[in-house]
Amino acid sequence: MLKPSLQLRVGQQLTMTPQLQQAIRLLQLPSLDLQAHVRETLETNVMLEAEDELALDAPLEAPPESVREEAAPVEEKYAELDGNAVASADEREEPEVEIADEAWGEQTSGPSDSPWSGDDRSSDFSDQHGQTLQEQLIEQLELAKLSPVDLAIARVIADAITDDGYLHDDLEDVRLSLKPEIEASYEDVERVLAAVQSLEPAGVGARSLGECIALQLRQLHPDTPARDIAIRVALEHLDLVANQQLVLLRRQLRCSESDLEMALALVRSCHPRPGAAVNPAQAEYVIPDVFVRRTEHGWTVEINQATVPRVRVNQSYANAISRAPDHAMLRTQLQEARWLMRSLEIRNETLIKVARCIVQRQTSFFELGEEAMEPLILKDVAEAVEMHESTISRVTTAKYMHTPRGVFEFRYFFSSHVEAADGTEMSSTAIRAKIKKLIAQENTENPWSDSKLAEILSREGIPVARRTVAKYREGMQIAPSNERKRAQVRAS
């Protein structure tokens, strides 16, 4: 028989304080998300204020090079939030890396020549984009002389068209989706689809690539040379065109070689994704978190002050509540504001410390290029900066470094290693660069296979298997040797 009872147990449990949770959350946020988070906090916490509320649209730019000083040590500050700090180890010889940044004061996360503001207007681009493909189609349909039923059917078809301009839904599914409001036959849906396919951009509403090209060709004048042959090619023989079986294609079309050339020229002039002209892929802009420059003293690491939120504690409110016995809510907000300032300070210091370590380990890359990339894993950096590996993982995710060789994510500098013939370790990134270089130098009429590439690398002291070469080649979006040869024949 079960009886209720009380038991007392004693144990230890690791608990994350609110300060630690906030520091970890801010550490892994990209710069744009961090600014959005600080803006949201500014709206809810009266004890925080933007440093310069007059500069609302200041552009992001590189910090000046005039002020450079060594950053304060981070170990003691981060030990408050990271329980994994270990004793300082003997420093080994490393390439000289200078840190150029501003000291973060008690009441601000860092000055900048381009003041940061809590206003979100400078980074909101959502209202600057034009109409979508569906909106343009519906606008054209409303100008067409369609009955209310046909217009309703056309709206459903337009909504089902993808951003590339294709209709992948079956017409029967479109007909069933109209019920019970509209009872339409399959022929009615097909007739309205033809009206949609007559809209701009040409080729929209097609159900296949061949139909898309044929729709565009039908808009040409009927007297256009080889127009009818091109339509037949689009609807019936695209596979022969893709496989370069032009002799068989000419035999089936029963046309002259000149007519076939004109027809193929018409087919190639068509857009395979008509909707892409209306819905172009939006450019994704990357704002670097740190800058790496070469100076007479070595490599210099600078934090991008323009990405650092410039906020401070409102001293007027802070002094007012310090003289009053109550105002518990304001005291709580004041404490939260100070936690935020502290978390921002530690985030900046940790970011530049990890960046400096990466530059020290990958100096050969900055000087010589990808082929000189050294193998590096998160554990190596964690041991060097005396932090936990999970902390390094957070600080290297979605953080970017502007270098003389381009803008790279911190994660780019981490790669697995392959043991070379002489016992040394070589980065997989360096091996990819060598493969890319070999393919660029090959005879295009007789390109090297993956086995041949593996053999060449082995002769250079890099023993890799054929499947490893194939994996690296595919990762770089490079076609296999047979396709590279076929592309060369087609180009010639």
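Student: Of the 492 residues of the chain, what percentage count as buried?

Tutor: Good place to start, and keep in mind that this is a predicted model. A residue counts as buried when its relative accessible area is under 20%. Applied to the 492 residues of the chain, that cut-off gives a buried share of 42%.

Student: How many helices and strands does the secondary structure of the chain come to?

Tutor: Let's take both kinds of element together. The secondary structure of the chain comes to nine strands and 21 helices.

Student: Where in the chain is confidence lowest, and where is it highest?

Tutor: Across the chain the pLDDT averages 80, and 81% of the residues score at least 70. Among the elements, the lowest confidence is in helix H3 (residues 75-79), with a mean of 42, and the highest, at 94, is in strand E6 (residues 400-403).

Student: What share of the contacts with a separation of 6 or more comes from residues 24 or more positions apart?

Tutor: Here we look at the contacts in the chain with a separation of 6 or more. Residues 24 or more positions apart account for a share of 69%.

Student: Is strand E4 largely enclosed by the rest of the structure or exposed, and why?

Tutor: Strand E4 covers residues 298-303, and six of its six residues are buried. Its partner is strand E3 (residues 290-295), which runs antiparallel to E4 and is joined to it by six bridges. Since six of six residues in E4 are buried, the strand is largely enclosed by the rest of the structure.

Student: Which residue in E4 stands opposite arginine 293?

Tutor: E3 and E4 form a hairpin, with two residues between them. In this pairing, the residue in E4 that stands opposite arginine 293 is threonine 300.

Student: Which residues do ring pairs link into a cluster?

Tutor: Phenylalanine 408 has another partner in phenylalanine 413: their centres are 5.9 Å apart with planes at 70°, so this pair is edge-to-face. Both of these residues are buried. The cluster linked by ring pairs consists of Trp299, Phe365, Phe366, Phe408, Tyr412 and Phe413.

Student: Which residues does alanine 158 touch, not counting residues up to four places away in sequence?

Tutor: Alanine 158 lies in helix H5 (residues 148-160), and with 0% relative accessibility it counts as buried. Leucine 141 is 17 residues away in sequence, with a C-alpha to C-alpha distance of 9.4 Å. Not counting residues up to four places away, alanine 158 touches Gln134, Leu137, Ile138 and Leu141.

Student: What is the omega of the peptide bond from lysine 179 to proline 180?

Tutor: Proline 180 sits in the loop between helix H6 (171-177) and helix H7 (186-196). The peptide bond that reaches proline 180 from lysine 179 is cis, with omega near -5°.

Student: Is glutamine 477 buried or exposed?

Tutor: Glutamine 477 is found in the loop between helix H20 (466-475) and helix H21 (481-491). Although not a glycine, glutamine 477 has a positive phi of about 60°. Its relative accessibility is 72%, so glutamine 477 counts as exposed.

Technical notes. Residues are numbered from 1 along each chain as its sequence is written. This is a predicted model: local features need pLDDT of at least 70, side-chain atom pairs count only at pLDDT 80 or more; totals for chains, interfaces and linings use all residues. Side-chain values use heavy atoms; hydrogens and water are left out. Buried means under 20% relative accessible area, exposed over 50%, partly exposed in between (1.4 Å probe, protein chains only). Helices (H or I, at least four residues) and strands (E, at least two) are DSSP runs, numbered from the N terminus. Two strands pair if DSSP finds at least two bridges between them. Rings of Phe, Tyr and Trp (its six-membered ring) pair if their centres lie within 6.5 Å; planes under 30 degrees apart count as stacked, over 60 as edge-to-face and the rest as tilted. Contact means heavy atoms within 4.5 Å. pLDDT is the predictor's confidence in each residue, from 0 to 100.
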